[in-house]
There are 2 protein chains.
Amino acid sequence: MHPPILEGNLAQPVIRRLNALRQLSERGIALLQQAIQEGLHRARPGEDLATEGDPVESVRIILSGWLCRYKTLPDGRRQIVNFILPGDSCDACVYLLSVMDHSIGALTPVTYADIKRPAFEQLLAGDRSLEEALWCETMVNSAIQREWTVNIGRRVALERVAHLLCELHERLLPVGMIDGDSCLFPVTQMDLADATGLSVVHVNRTLQELRGAGLIVLRDRMLTINDLKLLKDTALFSADYLHTKRRG
Amino acid sequence: MHPPILEGNLAQPVIRRLNALRQLSERGIALLQQAIQEGLHRARPGEDLATEGDPVESVRIILSGWLCRYKTLPDGRRQIVNFILPGDSCDACVYLLSVMDHSIGALTPVTYADIKRPAFEQLLAGDRSLEEALWCETMVNSAIQREWTVNIGRRVALERVAHLLCELHERLLPVGMIDGDSCLFPVTQMDLADATGLSVVHVNRTLQELRGAGLIVLRDRMLTINDLKLLKDTALFSADYLHTKRRG
DNA sequence: TACGGCTGTTAACATACTTGAACTCCTCTC
DNA sequence: GAGAGGAGTTCAAGTATGTTAACAGCCGTA
């Protein structure tokens, strides 16, 4: 079935992600790595890791790949409410709510650690810095969600798409997934539409406009940001809401 | 200045709110009441309890009055990202993020308890049920924020406004602020516009439509829902995301 | 009692965005 | 190697929503 999972530095993105929020202790890192080794899983593109209505029994930590949280209306309209990137957790504590109120779908092949509730609680109890970092991540997710509300509610299409690109860029940075000014970008225009509350056609137009202005190149699942400063300006983007300790 | 604050059943809405998420223990309720007594404050309509960029040092629990969280863009566009109702807390744990990424403004006169970080941590440590209930509330807030993203991103104006009314109704219910099928509704059409991502004029048109269909009466800060079932249908509303234990 | 400011209402007009459809280019599969 | 399906692109036409403006009612205040 699946090829064996290489164990090398699988936990690297998670550690980098959490370290950007709270300095992890040696002990915390060790505990985290151990918990991850014990619950490795994979998912394929298009597969749902969780579906609205499912009971919640475990926490998932994403080691590689992209996912999205989404909800659908009865008539099929879909809204992506967030992207989940390598190093992110699927709600450190969502199990406090016994049932999923949204679905989680894989956009690419995904490697993740599935940690059952008791093991996760032990993990939190085992190291203070780890506990704080994970709560912190949950809080940042709320902040991101608020910013999405602003983005969709009050920005016009061009600003809106630009803002999303800026956010993803900023989130990929600390986990080391930006190479120069480029990164893998496995998001279809339809996904972009569902994430920005626009139609596919209009997302296409908007991307053309960003390309035409020389701000970005987006081709073959590869995004290059030619002028980050200008892109942030057109997006009215400020990274404050990501609460990430600045590098350097 | 302010009239003295009557201490009678001030904590009542908070207790009811938290009880709807997790059954509070006797001890938890006692601790909560004590903490609230010790930090009573008031705010006036239009006043900001917190401003984007402020350091976060305490948790606030709302005893009476309505508030909203909002963010503004550099050019003045404003988006309300959530309403805060009696019994709600202002982010039990937002202090994990040292700086506010949004503002909190009072829509009406407000009574609240301001609990400093050390006192709050003691409170959480003092009772397990209380701790869980407060975390739970934080998680529900995230869920609400996700639903707002869907609402603004994928529902048309009529559905969108109807959905907001349904949510507020549903949230006011467990704290005992619905009288028959009516409630106080101290939200201007401009606030509604900023909450739904619409213009004031279009909110007005939409309200007329809801009135015309006989679904609601909204006059003099008083909202009456004539046909809740139909309102929910037109809003495509399902209360699942509020994760509230159902009465009866 | 007059005034200014806030809120709600309505109208006319402008436009950003949606819808539906057609076409291309891929890639996958049989 | 033909066919099907997913993704991107473009066009034309339609509409939901925004903008600007004017006015009315209400309230507090000078």
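I began at DNA strand D, where α6 and α7 of chain A and α7 (200–212) of chain B each supply at least two residues of the nearby surface. A reminder to myself: this is a predicted model. I noted that α7(A) gives the most to this surface, with five residues.

**DNA strand C**

Next I turned to DNA strand C. I wrote down α7(B) as the element that gives the most to the surface near DNA strand C, with five residues. The residues of this surface divide into eight nonpolar and six polar, with no charged residue among them.

**A closer look at α7(A)**

Then I asked which residues of α7(A) are buried. I found Val203(A), Thr206(A) and Leu210(A). They cover an arc of only 65° around the axis, so they sit on the same side of α7(A). On the other side of this helix, I noted Val201(A), Gln208(A) and Gly212(A) as exposed. What covers the buried residues of α7(A)? I found that the cover includes α5 (157–172), α6 (189–196) and β10 (216–219) of chain A. After α7(A) comes Gly214(A), and I recorded a positive phi for this residue, near 75°.

**Where the chains meet**

I looked up the contact between chains next: chain A and chain B put in 33 residues each. On the side of chain A that touches chain B, β5 (78–84) and α4 (128–154) of chain A each supply at least two residues. The largest share of that side, 16 residues, comes from α4(A). By class, I counted 17 nonpolar, nine polar and seven charged residues on the side of chain A that touches chain B.

**The nonpolar core**

For background, I keep in mind that nonpolar side chains tend to be buried together in soluble globular proteins. Here the largest nonpolar core has 138 residues. Those with the most contacts inside it are Ile61(A), Leu67(A), Ile61(B) and Leu67(B). I followed Leu67(B) and left aside its neighbours within four places in sequence; among its contacts are Leu49(B), Ile62(B), Ile84(B), Ile104(B) and Val110(B).

**One last stop: Ala239(B)**

I ended in the segment after α8 (228–235) of chain B, where Ala239(B) is found. Why does Ala239(B) count as partly exposed? I counted 15 C-beta neighbours inside 10 Å, whereas a buried residue needs 20 or more and an exposed one has 12 or fewer. Leaving aside neighbours within four places in sequence, Ala239(B) is in contact with Glu170(B) and Thr244(B). I also looked at Arg171(B): this residue and Ala239(B) are 68 residues apart along the chain, while their C-alpha atoms are separated by 9.6 Å.

Notes. Residues numbered from 1 in each chain as written. Chains lettered and ligands numbered in written order. Predicted model: local features only at pLDDT ≥ 70, side-chain atom pairs only at ≥ 80, totals over all residues. Helix = DSSP H or I, 4+ residues; strand = E, 2+ residues; numbered from the N terminus. Arc of directions from axis to C-beta. Contact = placed C-beta atoms within 7 Å. Nonpolar A, V, L, I, M, F, W, Y, C, P; charged D, E, K, R; others polar. Core = buried A, V, L, I, M, F, W, Y, C linked by C-beta atoms within 7 Å.
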